[in-house]
Amino acid sequence: MASQHIEVVQAFPFSVDKLYAFLSDHEKLVAIFPAKIKRVRDGQGSVNGVGSVRRLGLPGGLSLEETVTKAEENTLIEYTITKGGWPVKNHYGVMRFYPYEGGSRLHYTIDFDSALPGTGWVVKKALETPIRQGLKKLARQGL
């Protein structure tokens, strides 16, 4: 089964610290992903930091949990699916934040495998399209 890779780069007209504060808040991620999102466990040292867990309720009654594995303020957030998410497995998401032309830039990657041969491209499209659209909308409309 082939690994899938999603890569989205988006510029924003606001500072890195504002972008990081917004996207590190689990419940604000609804702005870029069409799901019901709720923090179900606080992180160590920061409510949305390392060890924090968010639950995503997806269309069709599907549910999964993602856990933050690394967080460097205004620089980096890494996370992985730790519960549910089938047919996605070995999921690894990374958000990197950079200053850019008076604002900021997000470099967002997601790598995963599919448990069902031949379906990875469908899952990739289902993840990538709304994330890309949500980030563009966020850049236009602001925080």
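How many of the 143 residues of the protein count as buried? The share is 45%, where buried means under 20% relative accessible area, exposed means over 50%, and partly exposed is in between (1.4 Å probe, protein chains only).

Before you click around, a word on the model. It is predicted, so local features need pLDDT of at least 70 and side-chain atom pairs count only at pLDDT 80 or more, while totals for chains, interfaces and linings use all residues. Residues are numbered from 1 along each chain as its sequence is written, and side-chain values use heavy atoms, with hydrogens and water left out.

**Stop 1: the whole chain.** Show the cartoon and trace the elements from the N terminus: β-α-β-β-β-β-β-β-α. That makes 2 helices and 7 strands; helices (H or I, at least four residues) and strands (E, at least two) are DSSP runs, numbered from the N terminus. Along its principal axes, the C-alpha trace spans about 45 × 30 × 25 Å.

**Stop 2: helix α1.** Select residues 16-24, which form α1.

**Stop 3: Ser-24.** Stay in α1 and zoom in on Ser-24. Is Ser-24 buried or exposed? Its relative accessible area is 15%, so Ser-24 is buried. Look for its side chain reaching the backbone oxygen of Tyr-20 at 2.8 Å. Leaving aside residues up to four places away in sequence, Ser-24 touches Asn-48 and Ile-77; a contact means heavy atoms within 4.5 Å.

**Stop 4: Pro-87.** Next, move to the loop between β5 and β6, where Pro-87 sits. Select Trp-86 as well: the peptide bond from Trp-86 to Pro-87 is cis, with omega near 15°.

**Stop 5: Asn-90.** Carry on to strand β6 and pick Asn-90. Its phi is near 55°, a positive value in a residue other than glycine. Asn-90 counts as exposed because its relative accessibility is 55%.

**Stop 6: Glu-101.** Finish in the loop between β6 and β7, at Glu-101. What is the phi of Glu-101? Glu-101 has a positive phi of about 45°, although it is not a glycine. With a relative accessible area of 72%, Glu-101 is exposed.

How values were computed: Polar contact = N/O pair within 3.5 Å; in protein donor to acceptor, adjacent residues only side chain to side chain.
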